[in-house]
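Here are some notes to read alongside the model.

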Amino acid sequence: MAASLGLIALLSIMGCACGAMTGEAHIPRGAMKPAAGSVKHQAERCVTVPQLRGGGATLLEPEEIVRCDNLLGEAPMWHEEEKALYWLDINGKKMCRYDSKSKEYKSWDLPEVAGSFAFAKSGGFLMGFASGLSWYNLNTGEQKLICAYEDGLPTRPNDGKCDRQVPQDYLPGFSTLMSRVTGKLCLWRLNAKTLELEEILDYRFRCSNTIAFNAHGDGTILIAFMTLFVSGDKMYFCDTPTQEIFRFDYSPEEKLKNKVSFWKMSEGDIGGPDGATVDSQGGLWEAQAGNWKVVRHRPEDGAVDYEIVLPFNNPTSCAIGDGVLYITTARHRLSEQERKEQPGAGQLWAVKLPQGEAYSDSASAVPALQHCGIITCTVTCGIPIHPCLAGIEGVPEPVFDCTCPI
């Protein structure tokens, strides 16, 4: 299991599922296609960078890679050591896994609904089950309750993530089970030292989503961001029905503060922001449930610079692993006719992220971008490189900084 990156973890309460294990292997069809508009060149002592673009968003091409027939696929998490993607089928009460090397898909039945999860240090899972936050052993099916949620509220666990501080905590989120209930839910943090919940948001919401933490590069290509974006000190959050994503200052010692509107959907858009992840450049990839697309927001101003249009209406979340953006999807609200019209709904999709155009080890090859106010840094090959020109990669998700006891 990858080393944990921080102590505080954010947990949005949503339906979590966990149960007895069954495992059906499935070999997906076909290989992923290169991202549209990406170009690769071989050069001596070079790095790859995305092509510079004009106005508007660059369209990327998605491809179905696993026909898993999820009812409500959600909460994808990339396991760096295993080179595998884990995710939940919330309504189907399953944990799913896709091995990027063997292309094998496997699922396990869970004992109850789960809305989010995190990898635990030294193996095992922290699960956001409907009954409460629990330790879970996927191999044995053993489950151990850590703590229950709010009493008397019509909620279920939802979008949740570990923070990037050291040691990492977990932030569980909630959503309402009754769509007309508003302003009732709290956002909590599970302290990895005390295993107690701490309330961290000073207002109530209806459906927590888009929980993600900013981060710098993964160590292979070191990327320096504007001083606003140092690792893990900003958190994204959305109450989905409001169609607006906010960014907060984040500290493991305090509640969220300095709320800033990061991006809001236009009046013509339908649905709302759902699950999200942050890439190595600080870009926020966000699934727009009900709006047929996944988009990437620039960290400096929230503007959309990449867009993935999908042949179904309900992408739910996304995660990055080895230069691939994985997209979970849902079909639980589709009629039988709509399922026939949207056969890709409920399946796992993927997009090869653009690595762009390479340039040689020459100072003259680096554009004069100092005026942007973003610090340059040195890459492995010794080229001073602007963050905007570095290839888009994933940032390893933190693990919950506590050992699973079962």
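1. In which strand does E64 lie? E64 belongs to β5, residues 63-66; strands here are DSSP runs of E with at least two residues, helices are runs of H or I with at least four, and both are numbered from the N terminus. E64 has a relative accessible area of 15% and is therefore buried (buried is under 20%, exposed over 50% and partly exposed in between, with a 1.4 Å probe and protein chains only). The C-alpha atom of E64 is 9.7 Å from that of Y326, although 262 residues separate the two along the chain.

2. A word on the basis: this is a predicted model, where local features need pLDDT of at least 70 and side-chain atom pairs count only at pLDDT 80 or more, while totals for chains, interfaces and linings use all residues. Numbering starts from 1 along each chain as its sequence is written, and side-chain values use heavy atoms, leaving out hydrogens and water.

3. For the overall picture, the chain has 1 helix and 32 strands. Its 406 residues are 57% buried. Among contacts (heavy atoms within 4.5 Å) with a separation of 6 or more, 63% join residues 24 or more positions apart.

4. Now the largest nonpolar core, which has 20 residues; such a core is a set of buried Ala, Val, Leu, Ile, Met, Phe, Trp, Tyr and Cys residues joined through side-chain atoms within 4.5 Å. Y86, L88, M95, F117, F125 and M127 have the most contacts inside it. At least two residues of this core come from each of β6, β7 (84-89), β10 (112-121) and β11 (125-129).

5. Lastly, the whole structure holds 4 cavities of 30 Å³ or more. A cavity is a set of points, on a 1 Å grid over the protein atoms alone, where a 1.4 Å probe fits but cannot get out, and lining residues have an atom within 4 Å of a point. Points are joined across faces, edges and corners, and the volume is the space filled by probe spheres set on them. The second largest cavity has about 50 Å³ of space. Its lining includes M77, D159, K161 and C318, and β6 (73-79), β14 (155-162) and β26 (315-321) each give two or more residues to it.

Conventions: 1 Å grid on protein atoms, 1.4 Å probe; cavity = no way out; pocket = protein on both sides within 12 Å on 5 of 7 lines; lining within 4 Å.
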